[in-house]
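Student: Could you walk me through this structure? I have not looked at it before.

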Amino acid sequence: MRKFNNIAKLVRVKRQALGISQNEMADLIGFSSRGQFISNVERGLCSIPFRKVKTVASLLKVDTSEIINAILEDERLFMNEIVKGGEIPIMTTKEYRQKRLHIKERKKCEKILKPTNLVPSVTQRPIVTGK
């Protein structure tokens with residue numbers, strides 16, 4: 001699983017040092033998630049969006065390069081995990097397209113074979129041929 005531990009630690013330590021709550025920080029950088037986004041960042045579940053790096057750096061009173069370096073270190077660790085045969089498989093473009101096609105075809109089949117499509121509705125009457 002992808003982790004963002006470097007940016008998580010940086011944000012948590014700097015935010016706590018400034019005495020800002022997660023809710024306040026979320027509001028100040030433009031997220032109306034009641035602090036959930038900041039909580040996710042601090043737990044290493046996600047990173048700071050690049051469009052918010054300057055805002056976050058200013059708020060935490062750090063240089064933008066410090067935020068960028070933490071994000072890049074997390075990316076470097078993730079790439080090393082992939083190269084070493086981590087849990088994320090690397091697919092060729094052809095394999096990716098085949099997988100997408102397989103998923104689309106399966107969804108079409110599921111739609112056609114829905115149980116509601118196989119059972120006649122109550123309002124339908126059987127067709128009776130002449131006697």
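This is a predicted model: local features need pLDDT of at least 70, side-chain atom pairs count only at pLDDT 80 or more; totals for chains, interfaces and linings use all residues.

Student: Okay, which are the buried residues of helix 4?

Tutor: In helix 4, which spans residues 53-60, the buried residues are Val53, Val56, Ala57, Leu59 and Leu60. They cover an arc of only 165° around the axis, so they lie on the same side of helix 4.

Student: And what covers those buried residues?

Tutor: The cover includes helix 1, helix 2 (22-29) and helix 5.

Student: Switching to helix 1 and helix 5, at what angle do they pack?

Tutor: Helix 1 (residues 5-18) packs against helix 5 (residues 64-83) at an angle of about 150°, and their axes are 7 Å apart. Because angles over 145 degrees count as roughly antiparallel, helix 1 and helix 5 are roughly antiparallel to each other.

Student: Which residues make that contact?

Tutor: From helix 1 the contact uses Asn5, Asn6, Ile7, Leu10 and Lys14, while helix 5 brings in Glu66, Ile67, Ala70, Ile71, Glu73, Asp74 and Leu77. Between helix 1 and helix 5, the contact residues comprise six nonpolar, two polar and four charged.

Student: Zooming out, how many helices and strands are there?

Tutor: The protein has seven helices and zero strands, and of its 131 residues, 26% count as buried.

How values were computed
Residues are numbered from 1 along each chain as its sequence is written. Side-chain values use heavy atoms; hydrogens and water are left out. Helices (H or I, at least four residues) and strands (E, at least two) are DSSP runs, numbered from the N terminus. Buried means under 20% relative accessible area, exposed over 50%, partly exposed in between (1.4 Å probe, protein chains only). Axes are lines fitted to C-alpha atoms, for helices over the stretch in contact, and angles run from 0 to 180 degrees between N-to-C directions. Angles under 35 degrees count as roughly parallel, over 145 as roughly antiparallel, 65 to 115 as roughly perpendicular and the rest as oblique. Contact means heavy atoms within 4.5 Å. Ala, Val, Leu, Ile, Met, Phe, Trp, Tyr, Cys and Pro count as nonpolar, Asp, Glu, Lys and Arg as charged, and the others, Gly among them, as polar. The arc is that of the directions from the helix axis to the C-beta atoms.
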